[in-house]
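Colleague: Walk me through how to read the packing in this model, one feature at a time.

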Amino acid sequence: NTTYSSFKPAVYLICGGTVAFLLAVTHVSAQTDAGDADKAWGIFEKASQRPTPPEAWRAKRPTPEEIAKFRVMLGEHAVKSADQAKDYYTRFPKHANAAKARDREFDLLSSAIQFGNTNRLAQLQALETERLKSPNLSEEERFKIRLKSVQTKANSREAEGTAAVVAEYEKCVRSLQQECPKRVEVYQMLLELADASTNFGGGNARAMAQEVADSTAAPQPVKDAAKLLLKKLNLLGKPVAIKFTAVDGQEIDLAKLRGKVVLIDFWATWCGPCVAELPNVKAAYEKLNPKGFEIIGLSFDEDKTALTKFVAKEKMAWPQYFDGKGWQNKYAVEFGINSIPAMWLIDKRGNLRDLNGREDLVKKVEKFLAED
């Protein structure tokens, strides 16, 4: 007992020191794991940032081949980033960022499919099913998942053409509308559908726009936008009255251009997409003007000097309307133009035939020129 008693403090110190050492090691290890997780998250966030389009695209509209190539790259990047997100929450399942990583995996796979990488569709659908089964999922979170599913399913049909995408989108939106008839997002999506159908030849654009305008569930701004779209749709197939003195002094009267195919170009010098579209517009004009194609520019600029300098620099040979009122200019208000570039095509009889002249401009003009 005496011997034991005399050594007891020493044994206690040794054992206590070992425990303290082990606790210290464990604490350091936990800190190291947390540090590794934080470092890994920073690396992931940086690596998963979406590549930006080439700077040159701001000044010149890319070709369909360039766009397709860039979309493939975006799809591959999204897939790689989704795999990195999964690797993160697998390695650090208890870290605070693990839940974020799971969300990011889901979002990135959705993006990959939207960019045409459909070989991950089954994986995404499995994640969606798993998430929807969660008893802790709020109604808001559930709706967001369903919303993303609608977008993803529609975009997965892109290889079949725009008509297939629009048809799938409408099918999914109608299903979502039955599930959530009071969600304002549904009516925003219906309005998008109506606009897309207008641009790409859909026959039910007017009916959908009217449905949104008459809805008691749609918010007022969406209903107002639907009424603007209806205003434009009601102009189709009818003459459009445009008459003004151009900045170069020409007297322009659209009614006097019967027998010509006319592009009405709503644009501005400060509008990047408008400027990017210009080479295509100029190419169409140079090719088809001798055959009866004309252009009328309706400028949203507020600085007349900037407009005239730009027109001269770019050698834009067609007349320009200018009143300096920007978005409140006469024709923007009259025709309900709320985004630019907007390009309308008038046929040889003076009737508005197309609200989306940007797409296949040369082909459309040649078709209208060939009509009697």
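Modeller: Elements come before packing. Helices (H or I, at least four residues) and strands (E, at least two) are DSSP runs, numbered from the N terminus. Arg 142, for example, has its place in helix 5.

Colleague: What should I know about the model itself?

Modeller: This is a predicted model: local features need pLDDT of at least 70 and side-chain atom pairs count only at pLDDT 80 or more, while totals for chains, interfaces and linings use all residues. Residues are numbered from 1 along each chain as its sequence is written, and side-chain values use heavy atoms, with hydrogens and water left out.

Colleague: How many helices and strands does the protein chain have?

Modeller: There are 13 helices and 7 strands.

Colleague: What percentage of the 372 residues is buried?

Modeller: Buried residues make up 40% of the 372 in the protein chain. The cut-offs are under 20% relative accessible area for buried, over 50% for exposed and partly exposed in between (1.4 Å probe, protein chains only).

Colleague: What share of the contacts with a separation of 6 or more joins residues 24 or more positions apart?

Modeller: In the protein chain, that share is 62%. A contact here means heavy atoms within 4.5 Å.

Colleague: Now the helix pairs. How is a packed pair described?

Modeller: By the angle between the two axes and the distance between them. Axes are lines fitted to C-alpha atoms, for helices over the stretch in contact, and angles run from 0 to 180 degrees between N-to-C directions. Take helix 3 (residues 98-114) and helix 4 (residues 121-132): their axes come within 10 Å and cross at roughly 140 degrees.

Colleague: How are helix 3 and helix 4 oriented to each other?

Modeller: They are oblique. Under 35 degrees counts as roughly parallel, over 145 as roughly antiparallel, 65 to 115 as roughly perpendicular and the rest as oblique. The crossing of helix 3 and helix 4 is left-handed. Left-handed means that the near helix is turned anticlockwise from the far one by less than a right angle; clockwise is right-handed.

Colleague: Which residues of helix 3 and helix 4 meet?

Modeller: Helix 3 brings Asp 103, Glu 105, Phe 106, Leu 109, Ser 110 and Ile 113. Helix 4 brings Leu 121, Gln 123, Leu 124, Leu 127, Glu 128 and Arg 131. By class, the residues of this contact of helix 3 with helix 4 are 6 nonpolar, 2 polar and 4 charged. Ala, Val, Leu, Ile, Met, Phe, Trp, Tyr, Cys and Pro count as nonpolar, Asp, Glu, Lys and Arg as charged, and the others, Gly among them, as polar.

Colleague: At what angle do the axes of helix 4 and helix 5 cross?

Modeller: At roughly 160 degrees, with the axes coming within 10 Å. Helix 4 and helix 5 are therefore roughly antiparallel. Helix 4 passes helix 5 in a left-handed crossing. Leu 121, Leu 124, Glu 128, Arg 131 and Leu 132 in helix 4 meet Arg 142, Ile 145, Arg 146, Ser 149 and Thr 152 in helix 5. That contact of helix 4 with helix 5 has 4 nonpolar, 2 polar and 4 charged residues.

Colleague: How far apart are the axes of helix 5 and helix 6?

Modeller: The axes of helix 5 (residues 139-155) and helix 6 (residues 162-179) are 7 Å apart, and the packing angle is about 160 degrees. That makes helix 5 roughly antiparallel to helix 6. Helix 5 passes helix 6 in a right-handed crossing. The contact of helix 5 with helix 6 has 9 nonpolar, 3 polar and 4 charged residues.

Colleague: Is Arg 146 buried or exposed?

Modeller: Arg 146, in helix 5, counts as buried at 14% relative accessibility. Leaving aside neighbours within four places in sequence, Arg 146 is in contact with Leu 132, Ser 175, Leu 176 and Glu 179.

Colleague: Which cysteines form a disulfide?

Modeller: A disulfide is a covalent bond between the sulfur atoms of two cysteines. The criterion is a pair of cysteine sulfur atoms within 2.5 Å. The structure holds 1 disulfide. Cys 271 and Cys 274 form it, their sulfur atoms 2.4 Å apart. The torsion about their S-S bond is about 75 degrees, so the disulfide is right-handed. Cys 271 is buried, with a relative accessible area of 6%. Cys 274 is buried, also with 6%.
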